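Welcome, and thanks for taking a look at this one. Here are a few notes to read alongside the model.

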Amino acid sequence: RRVGLDSARTPVFSMMNNFIAPPHLITGRPTVVEIGIYVNTFDSVNVESMDYSIQIFLRLSWIDRRLSYNVTDMRGHGVPQPLPQFQTAQPPTALNDTTGLTIDPRLIDEIWLPDIIFMNEKQAKYHDITIPNKLLRIKPNGEVYYSSRISLRLGCHMGLYRFPLDTQTCEIIMESYRFTRQELRLRWRPEKPFEINKNFHLPQFVLTNWSTTSCDTEYISGEYPCLRVQFVLRRVFAVYLIQYYVPSTLIVILSWVSFWISIEAVPARISLGVMTVLSMTTQSMGLWMTLPKASYIKAIDIWMGVTVMYVFGAMVEFAMVNTMARNEIRRVTTRVRRAAAAAKTNNGSGNPDGDEVGADGGTAFTPMMAKKLVNEYTYGDWKAWAPNSRQLARKVDKGSRILFPLSFAIFFVCYWGHFILF
């Protein structure tokens, strides 16, 4: 017998030490335990460790006829009576048939309690400030109501294929550890089996729905009663839209500006290309460092990968057209030099084009002739689609102004259409 228990207090207290045995051993029938949960706070959902923290009030009720008592008989066994000026025609609230008798939390260990465990629990604790946060109430008919405040960290397997456009389903799974269904039955309370504090707010998720079900499980030692509550959490997408999707889209659009910059403006196009590539790479690395490691591709991985490819593609396009332009300049310069050398060795007397005549009687290679030759070679129609021509480089730039935005727009529509509509 525990120190401090006085068998002379009341009939209920005097028999508590005899009531630690499970009720089904006395009645021969399974003990039915009704369960209700009140969610006080929903602290956080951690996608890296795939768990969540929650604080609940666990409410259990069952009938143990051994604890039944008569309200009238309780008057003579040490139950304090109200002073005459406070006496009324009705019995005191503490001994009312509806509310029952509230027991001191320190005496809870003196009666039988259901052995409820949380199957997906990683860490849990009771609250003891300023007193143990437990309530035990016994009605005259032997109905026992037990409530305790518990903080839990529960595992929640999350599929991140659609992250951050995902919806997660987390669970609270309760099961009897010792008693099979032949000894103990668990069922949800018929009224308000699952309640949520309307004042709490999750920073990254919105609770959209919940459901309560039974999940009796068969083990090698027998079939054990089990109850499950599932709640659906939809991730708040706005923060990812502002922090990642909008900036990456703007960086991609900024990389297209180089298509409208002249091929000759090499420093400007290099600066713009390098800046956009570095910005996109930095943003991608910062995002991937914060995401949980997964063996599959997530929705945001597809977006960031494609945007990096577009920025890198704009840089490669500039390298290609710049190479065309520089090769063209080298070829034109070589041809001009050859033409000048040939003109100096030409001793012909005719001058049909009005070219100047050199001192040796040949055709002098004047700046007018050089300009005409360069324009004909560079901008002539017959050279428009020749490999490595300067004209082709300009056409590539013009085509990129349409091809890059158009292809990105198609990807944009397909991406959002798939992950939002399906």
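1. Cys170, with a relative accessible area of 1%, is buried.

2. Please keep in mind that this is a predicted model, where local features need pLDDT of at least 70, side-chain atom pairs count only at pLDDT 80 or more, and totals for chains, interfaces and linings use all residues. Residues are numbered from 1 along each chain as its sequence is written, and side-chain values use heavy atoms, leaving out hydrogens and water.

3. The structure holds 2 disulfides, a disulfide being a pair of cysteine sulfur atoms within 2.5 Å. One of them joins Cys156 to Cys170, with an S to S distance of 2.1 Å. The torsion about this S-S bond is about -85°, so the disulfide is left-handed. Cys156 is in the loop between strands E7 (143–155) and E8 (167–176) and Cys170 in E8, so the pair ties together parts 14 residues apart in sequence; strands (E, at least two residues) and helices (H or I, at least four) are DSSP runs numbered from the N terminus.

4. Cys215 and Cys226 also form a disulfide, with sulfur atoms 2.0 Å apart. Their link is left-handed too, at -60° about the S-S bond. Cys215 counts as buried at 9% relative accessibility, and Cys226 is buried at 2%.

5. Now to a helix: what is the bend of H8 at Ser400? H8 bends there by about 30°, the bend being the angle between axes fitted to the seven residues ending at a residue and the seven starting there.

Key: Buried < 20%, exposed > 50% of the residue type's maximum accessible area, 1.4 Å probe, protein only.
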